[in-house]
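Let's work through a few exercises together. Keep the structure in view and try each task before you read its solution.

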Amino acid sequence: MSQSNVVRIAQQPVQWRVLCSREDLVPNSGVVAWHDGSQVALLYLPEHAEKPLYAVDNRDPKSGANVIGRGLLGNIKGELVIASPMYKQHFRLEDGHCLEYPEQRLRVWPVRLNGDLVEIGED
């Protein structure tokens, strides 16, 4: 394929919005924040220097309960996961995919620490 046939789609830069502060987070655990009509579970893993913070939907897709932020964090075959406290299914923090039930998925948001502020990416 020649270069003239390649279509490049420009990605829009992420718009960041302050969600809370670092002191609101609990190391190696989850807290829940309200963002744009959704409950977002913020999962803080300070020992993971490259990516210490993840943001996933707090709603368990199987039970419908808002409990993901209370789940257990772990590592399965090198993948960081959170286990739902209801039915114990595991969701990858990176992309929200469920390991046991491929049809289940958690929404994920870009999130970062900017000094002592937690910022979430806008859709």
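From the N terminus on, the elements of the protein chain run β-β-β-β-β-β-β-β-β-β. This is a predicted model, where local features need pLDDT of at least 70, side-chain atom pairs count only at pLDDT 80 or more, and totals for chains, interfaces and linings use all residues. Residues are numbered from 1 along each chain as its sequence is written, and side-chain values use heavy atoms, with hydrogens and water left out.

**Exercise 1.** Find how many helices and strands the protein chain has.

*Solution.* Start with the terms: helices (H or I, at least four residues) and strands (E, at least two) are DSSP runs, numbered from the N terminus. The count gives zero helices and 10 strands.

**Exercise 2.** Describe the largest nonpolar core.

*Solution.* A nonpolar core is a set of buried Ala, Val, Leu, Ile, Met, Phe, Trp, Tyr and Cys residues joined through side-chain atoms within 4.5 Å. The largest one has 14 residues, and Leu25, Leu42, Ala55 and Val118 have the most contacts inside it. Next, look at the elements giving two or more residues: β1, β2, β3, β4 and β10. Of these, β3 supplies the largest share, three residues.

**Exercise 3.** Is Ser29 buried, partly exposed or exposed?

*Solution.* First, locate Ser29 in strand β2. Then recall the cut-offs: buried means under 20% relative accessible area, exposed over 50%, partly exposed in between (1.4 Å probe, protein chains only). Ser29 has 27%, so the residue is partly exposed. Finally, list its contacts (heavy atoms within 4.5 Å): leaving out residues up to four places away in sequence, Ser29 touches Leu42, Leu43, Tyr44 and Leu73.
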